[in-house]
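Look through the chains below before reading on. The questions that follow go from one residue to the contact between chains.

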Amino acid sequence: MGAYLAKRLAASLVTAILASIVVFLLVRSVPGDVVGQMLGQSSDPVAAKALREFFGLDQPAWRQYLGWLSHVATADFGTSWSRGQPVLGMIGTAVGVTLELALATLAIATLVGVPLGVVAGIYEGRLLDRVIQTFNLLGLAAPVFWIGLMLLVGVSTALEWSPPLMYVAPTESLGENISIMALPVLSLALLQAAAYSQFVRQSVVSAFGQDYVRTAIAKGVPMRTVFFKHLLRNIAIPLITFMGLILIQILGGAVIIESLFALPGLGRLLLSSIETRDYPVLQAGLLVVVVIAMLVNLIVDLCYRVIDPRVRLS
Amino acid sequence: MSIFNLSGLLHRRAVLALGGTATVAALVGPAAASDLYGPSAAGAKSGGTLNMGLLVEPPGLDPFHQAADARIRLTVLIYQGLFYESPDGKATPLLAEGFDLSADRLVYTIRLRKGVKFHTGQAMTAKDVAYSYNHIRDPKNGSPGASDFGMITSIEAVDDATVKIAISAPNAALPMTLGNKYGGVVPAGYFDAPDAKTKLNQASVGTGPFKLAEFKPNSNVSLVRHAEYWEPGVPYLDRVNFIFVPNAAGLLVGLRTKRIDLATLNRPQDVSQVEGVAGLVVERKPSFNQKAIDLGSELKPLDDERVRRAIALAVDKDEIMRASIGGFGKVIGTMVAGMQESWGAPLDRLANQKVDIAAAKKLLADAGHPDGFELNLTTIIGYDWMDPAAVTLREQLAKIGIKLSIQRVELGVWVKNFQSKQMGFTFNDWATVPDPNLLFYRQFHKSPEGADFRNWKNDAASTLLDEGRAESDPAKRREIYTRYQQAMAESVPTIMLFSADHIVVRNEKVHNYEQHPTGWYYGLARAWLA
């Protein structure tokens, strides 16, 4: 296990470095730079030159990259060019918000989606299955921004209440935090629960056709045991894979919900950094997304081993 | 509302009346409190926190190196210049108390307001003023205000309470230039620290009525009352939270549920969603902004004045305004709506303002385009008004045979094109401070004195801009700028379409908030909560 972890981490490091090069080139390929944004329409060429020197933009790209990389190696992500704050702190705060959003969504989607999928799978073709499938279809078809908007407008109209607009961390006030996060989490969870439910239903339907399930039922094993001991364990691996994918998807796609509910998450931070061409924040933020995606994949792979000891990590 | 009351400008006849001595008597006294930031607040209560919703987050809070309007709107409450841009066009003394002007109109001796303290607690002196403005005017320091300060040759502290500013040629707009758009007065030596620029986002060092409490990107900027502010009793609010709500739906919901006490709407037509809501008050205020079509002469056939005039004659400004902002604005000629009364040329003296398709077709035919031509219009993503305006414009230009294609670009791309003078045929959206020199000179004067972003290269118009800048007699100055506007309307480097009104929505508990025509939030310095 130790050797496997070391190997995976080394491969991840190489991937992260390659990703950082791609990200570096990508953000610089967008026309315009932070100086153009800062000086606006009436820029003075001398002032523009001075600012480009200040930010090091007059240096060749390779030198800028190596300079950035050498700082990153010492955990120094620099200072935001437009916001003037330490990049690490900004990203840490934003990742915290987005992770909270993603994990809460994942938890609710799992708690709702898995039982719905199981029930639909067990009652395949019957009324209950059709009702759940209708929910799945609606959840998958409705765009997240639409669900969010409907929830926001609907709740505010019905209750004359809307979530507070300044984010409060759960460590500061759990109650306030829940009132801020409830609607955004619900907006995302509806889609993900539907996706879960659909996925689990397919897995259950498929598993019921397998020999080991038929044999267990034929032997008179109680349905509860068949389900929890045999069926659930067998669909656990694809389920964990699916969870990992959903988590990454939420991390990358939370920007719409973050914007709608004014949450200071990673998606919004990256979006505003693109607008201001804030390279230090962009590069570090995208790198963090890559690292989180790799970590999630690693954790998923390790979970395989825990769930099924026959799986060999190599 | 007349320019003839411009207290910041020296009337030549006044100099003569005073005997034409080398130095004339001060013409400007201390500003009455009611002149600054908005009307005096009778019966105002102190205290409380006001939540203001903003659709656009300032990219940073550095007033010296960040030109974004979203930054200026906030930082005018934190940093102060020597003069205040009164809505009626006056440059009203702010950190200045008054000034003397030499007979040759090249040296301003400015007396400073007493008892001013920085947010750091230290007292402001003339050294700080000289240091701050010298920092802005040196282009090597990278300030977007450097070009506006190009006419200043020296700034020095005479004593603790007096600064002397010398300029290279008479410039009636100098006091307005020493306003609050760029920079402001900070302690001398502030920028010596290598991280000084970035620190401006964490702690403020201005003299304004509010100081920075926190800046949380993508969340909020919070300001708190500057307890040692020089005007006793002001501001009334203890704290202002500027909350960034990046979509209109969230902002409107926040207003309806009273999470937000005050907001200005980017899309004026959204007002229908909050009108009639109990506890909300909606106000419509004039503005200094303009939505325009720019015609860069580097793009053929826009280099032909006849083609530009033909386009102007085909444009129905009112139709575009109604399509793009639901009519919540004012169609303009060659001056933003809020300055029409003080500086605008009478509309009946301007050419190419009324739709005349036959004349436009004839001009195109004369220019060698009897069947029209294909033209690309650039619009900016995120500027909502431009999309319906572009479609309407396409229909209008089709009547004279011009086939318009529409290209939507991101703001950074657009700015890059603009700065490199490759703007082509594009919509523009910009605002001004209330002085015609600051509105026109850099944008339209030929190079190298101006930037001439539209490659207009018009000698006669540039001469008029030079004359207008030098002239200090308000009546003569207005006449010069009228002639300039006539030249602009005749030659069409730009077509100013309309000024969108500022739509202010406030909770009824918010009192005495006056929206400044620039769109800046000066009014918060005088607002109070019931």
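**Reading the model**

Q: What does A:Glu53 count as: buried, exposed or partly exposed?
A: The relative accessibility of A:Glu53 is 42%. Buried means under 20% relative accessible area, exposed over 50% and partly exposed in between (1.4 Å probe, protein chains only). A:Glu53 therefore counts as partly exposed.

Q: What kind of model is this?
A: Residues are numbered from 1 along each chain as its sequence is written, chains are lettered from A and ligands numbered from 1 in the order in which they are written, and side-chain values use heavy atoms, leaving out hydrogens and water. Local features need pLDDT of at least 70, side-chain atom pairs count only at pLDDT 80 or more, and totals for chains, interfaces and linings use all residues, the model being predicted.

Q: Which residue meets A:Lys49 in a salt bridge?
A: A salt bridge is a side-chain nitrogen of Lys or Arg within 4 Å of a carboxyl oxygen of Asp or Glu. A:Lys49 is exposed, at 53% relative accessibility. At 3.0 Å, N to O, the partner is A:Glu53.

Q: How many residues apart in sequence are the parts that A:Arg8 and A:Asp301 tie together?
A: The side chains of A:Arg8 and A:Asp301 form a salt bridge at 2.4 Å, N to O. A:Arg8 is in helix 1 (residues 2–29) of chain A and A:Asp301 in helix 13 (residues 279–307) of chain A, so the separation in sequence is 293 residues.

Q: Which residue of chain B pairs with A:Arg277?
A: Between chain B and chain A there are 2 salt bridges. The side chains meet at 2.6 Å, N to O, and the partner is B:Glu410.

Q: How much area is buried between chain B and chain A?
A: Contact, meaning heavy atoms within 4.5 Å, takes 52 residues from chain B and 48 residues from chain A. Buried area is the accessible area (1.4 Å probe) that two parts lose on being put together, summed over both. Carbon and sulfur atoms give 55% of a total of about 3900 Å².

Q: What is the arrangement of the rings of A:Tyr196 and A:Phe242?
A: Rings of Phe, Tyr and Trp (its six-membered ring) pair if their centres lie within 6.5 Å; planes under 30 degrees apart count as stacked, over 60 as edge-to-face and the rest as tilted. Here the centres are 5.5 Å apart and the planes at 75°, which is edge-to-face.

Q: Which arrangement do the rings of B:Phe99 and B:Tyr108 have?
A: B:Phe99 is buried at 3% relative accessibility, and B:Tyr108 is buried at 5%. Their ring centres are 5.4 Å apart and their planes at 50°, so the pair is tilted.

Q: What is the relative accessibility of B:Ser143?
A: B:Ser143 is in the loop between helix 3 (126–137) and strand 6 (152–159) of chain B. Leaving aside residues up to four places away in sequence, B:Ser143 touches A:Leu39, A:Ala47, B:Phe64, B:His65 and B:Ile136. B:Ser143 counts as buried, its relative accessibility being 0%.

Terms used. Helix = DSSP H or I, 4+ residues; strand = E, 2+ residues; numbered from the N terminus.
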